[in-house]
Amino acid sequence: MRFEKPILISVIGVGHMGRLHAAKVVENEDAELVGVYDIDRDKCLAVAEQFETKAFETLDEAIGYSQAVILATPTKTHGTIGTHVLMRARHLLVEKPIAGSVDEAEILVSMAKERDVVLWVGHIENFNPAWVVAKEFIEKPLFLEIHRISGFTSRSTDISVVEDLMIHDLELLARICSDKLKNVHASMTNVLTDKPDIANARLQFKSDCVANITASRISKKSMRKMRIFQKNAYISIDFKDRQVEIYRLPKKGVISGEIAKLGEAEIEILRPPIPQLDPLTEQLKFFIECIKSDTKPDCTPALQALRWAKMITKEATR
């Protein structure tokens, strides 16, 4: 079914991310923000006034007025509220992680399929222009070194740093290393909250690809980098500064970058241009286009990322 009119969207949960989502819906010509809902009534009214929309009084009202819902509530509520949304056959964009447990996540994926609606999980790095450019060069990774560290905020402290930050990279990893895990080694500790604030995991896949991932939410500096080593190439992705560098052995007759010496070897260096795009805007466009074209996006990586996050947590707390 093609939708000729704007998609009617409500935002449930208007904390930091919910406000950002609401702003993007208002900016999009193919969407209409029909209202917002939050259990904090004062916050709900303030955001509704800011975006000149309706402040729904109940969850059922927010779902009932919409064709699609953006769910930006605490992770522990994703399963319950997401199920409620999908039972009403509304399209759903749920913030990451998809749910608080693997069982709840599997139920959401199954329900979306049964109700024939679009389900997407807000792993925003899929729309980071640096990743969009870099993934075209990724073939069969052999080793990955990943760092995602940031300063402390009070957001998402109801979950560990693994499900808060590391899960971004786990979801991307699930897209480029889809074979089964062979070994998981992990450690983590809580510093400022009662949940782990810093974690490191080493994942070894059956293909013998190895990923070493570090995540921290208590650092003075911010870093979001992925380094990928594969046969004849090294790819560096800076998600924060949106830069990509590829170092590779020159392909005979096909040179598109500068040539540099590395010892006795010649290396081709590529620094592809990165488009100036806003990931949250691009994600909403993608979600709306999926609805309009009746395309069901693949949420398997989001589900796999949650499974791996739980495995990492279990391994680290043995």
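## Helices α7 and α9

In α7, the residues Val162, Glu163, Met166, Ile167, Leu170, Glu171, Leu173, Ala174 and Arg175 meet Pro301, Ala302, Gln304, Ala305, Leu306, Trp308, Ala309, Lys310, Ile312 and Thr313 in α9. Contact here means heavy atoms within 4.5 Å. By class, this contact has 13 nonpolar, 2 polar and 4 charged residues. Ala, Val, Leu, Ile, Met, Phe, Trp, Tyr, Cys and Pro count as nonpolar, Asp, Glu, Lys and Arg as charged, and the others, Gly among them, as polar.

This is a predicted model: local features need pLDDT of at least 70, side-chain atom pairs count only at pLDDT 80 or more, and totals for chains, interfaces and linings use all residues. Residues are numbered from 1 along each chain as its sequence is written, and side-chain values use heavy atoms, with hydrogens and water left out.

## How α7 crosses α9

Helix α7 covers residues 161–176, and helix α9 covers residues 300–316. Helices (H or I, at least four residues) are DSSP runs, numbered from the N terminus. The two axes come within 8 Å and cross at roughly 125°. That makes α7 oblique to α9. Angles under 35 degrees count as roughly parallel, over 145 as roughly antiparallel, 65 to 115 as roughly perpendicular and the rest as oblique. Axes are lines fitted to C-alpha atoms, for helices over the stretch in contact, and angles run from 0 to 180 degrees between N-to-C directions.

The crossing of α7 and α9 is right-handed. In such a crossing the near helix is turned clockwise from the far one by less than a right angle.

## Helix α5 against α9

Helix α5 (residues 102–115) also has its axis within 10 Å of that of α9, and the two cross at roughly 175°. α5 and α9 are therefore roughly antiparallel to each other. Val102, Ala105, Glu106 and Val109 of α5 make the contact with Leu303, Leu306, Arg307 and Lys310 of α9. These residues divide into 5 nonpolar, no polar and 3 charged.

## Helices α1 and α8

The axes of α1 (residues 16–27) and α8 (residues 279–293) come within 10 Å and cross at roughly 65°. The crossing is right-handed. Met17, Leu20, His21, Lys24, Val25 and Glu27 in α1 meet Leu280, Thr281, Gln283 and Leu284 in α8. This contact has 5 nonpolar, 3 polar and 2 charged residues.

## Cysteines

The count is 0 disulfides, a disulfide being a pair of cysteine sulfur atoms within 2.5 Å. For Cys299, the closest cysteine sulfur is in Cys290, 9.2 Å away and too far for a bond.
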